[in-house]
Amino acid sequence: MYNNFYAIFPSLIMIIILCIPSIFLFVLLIRALLKYLRSDKDRGGSPEQAKSLGEALKARRTAAGYTQEYVAEALGVSRQAVSKWENGTSEPSTANLMALAKLYGVPVDELLTG
């Protein structure tokens, strides 16, 4: 009985030694995946935030009495870009956001907070 155990023991040790790195890599993979999924909330922002920025941009533009074409020409972008900013499809770059704030006569943070 003990002879069989000693014959199998080296094989068991080898299996354990080979499985530990695989288990370790599996745990690391799961942790990385969970971290990625949790960071999704922080990465692109929520659609509500993009919508509120777009609404703020549109409200400021209409309050100033400007057309999308006028804003586009003032910033050197296309009218379609201004439209996308206002409907939340895309967001203006930092430079464009600063130019919009200057054009509307408000601080940048006021555009961002709605």
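This is a predicted model: local features need pLDDT of at least 70, side-chain atom pairs count only at pLDDT 80 or more; totals for chains, interfaces and linings use all residues.
# Reading a helical chain: a tutorial dialogue

Visitor: How should I read a salt bridge, and which residue does Arg60 pair with?

Guide: The general idea is that side chains of opposite charge can pair when their charged atoms come close. In this structure Arg60 forms a salt bridge with Glu110, and the closest N and O atoms of the two are 2.2 Å apart. Because Arg60 lies in helix α2 (residues 47-64) and Glu110 in helix α6 (residues 108-113), the pair ties together parts that are 50 residues apart in sequence. Arg60 is partly exposed, its relative accessible area being 29%, and Glu110 likewise counts as partly exposed, at 30% relative accessibility.

Visitor: Which residue forms a salt bridge with Glu86, and are Glu86 and its partner buried or exposed?

Guide: Glu86 forms a salt bridge with Arg61, the closest N and O atoms lying 2.6 Å apart. Since Glu86 belongs to helix α4 (residues 79-87) and Arg61 to helix α2, this pair ties together parts that are 25 residues apart in sequence. Both Glu86 and Arg61 are buried, whereas buried residues make up 19% of the 114 residues in the chain.

Visitor: Turning to aromatic rings, how many aromatic pairs are there?

Guide: A pair of aromatic rings is described by the distance of the centres and the angle of the planes. Here the count comes to two aromatic pairs. The rings of Tyr66 and Tyr70 have centres 4.7 Å apart and planes at 35°, so this pair is tilted. Tyr66 and Tyr104, on the other hand, form a stacked pair, with 6.3 Å from centre to centre and 25° between the planes. The latter pair links distant parts of the chain, Tyr104 being in helix α5 (residues 94-104) and the two residues 38 residues apart.

Visitor: Which residues form one aromatic cluster, and is Tyr104 buried or exposed?

Guide: Tyr66, Tyr70 and Tyr104 form one aromatic cluster. Tyr104 counts as buried, at 12% relative accessibility, while Tyr66 is partly exposed with a relative accessible area of 25% and Tyr70 is partly exposed with 41%.

Visitor: How do I read the sides of a helix, and which residues of α3 are buried?

Guide: An α-helix has 3.6 residues a turn, so residues three or four places apart point the same way. In α3, the buried residues are Gln68, Val71, Ala72 and Leu75. Seen down the axis of α3, these buried residues fall within an arc of 100°, so they line one face of the helix. On the other side of α3, Glu69 and Glu73 are exposed, and the helix is followed by Gly76, whose phi is positive, near 75°.

Visitor: Finally, how much surface does the chain expose, and which residues form a nonpolar patch on the surface?

Guide: The chain exposes about 8,700 Å², of which carbon and sulfur atoms supply 62%. A nonpolar patch on the surface is formed by Ile23, Phe26, Val27, Ile30, Leu33, Leu34, Tyr36 and Leu37, which together have about 760 Å² of accessible area. As one member to look up in the structure, take Leu37, which is found in helix α1 (residues 2-43) and which counts as partly exposed at 48% relative accessibility.

How values were computed
Residues are numbered from 1 along each chain as its sequence is written. Side-chain values use heavy atoms; hydrogens and water are left out. A salt bridge is a side-chain nitrogen of Lys or Arg within 4 Å of a carboxyl oxygen of Asp or Glu. Helices (H or I, at least four residues) and strands (E, at least two) are DSSP runs, numbered from the N terminus. Buried means under 20% relative accessible area, exposed over 50%, partly exposed in between (1.4 Å probe, protein chains only). Accessible areas come from the Shrake-Rupley method with a 1.4 Å probe; for residues, only the protein chains shown count as cover. Patches are made of residues with over 30% relative accessible area and no salt bridge: like charges are joined within 9 Å, nonpolar side chains (Val, Leu, Ile, Met, Phe, Trp, Tyr) within 5 Å. Rings of Phe, Tyr and Trp (its six-membered ring) pair if their centres lie within 6.5 Å; planes under 30 degrees apart count as stacked, over 60 as edge-to-face and the rest as tilted. The arc is that of the directions from the helix axis to the C-beta atoms.
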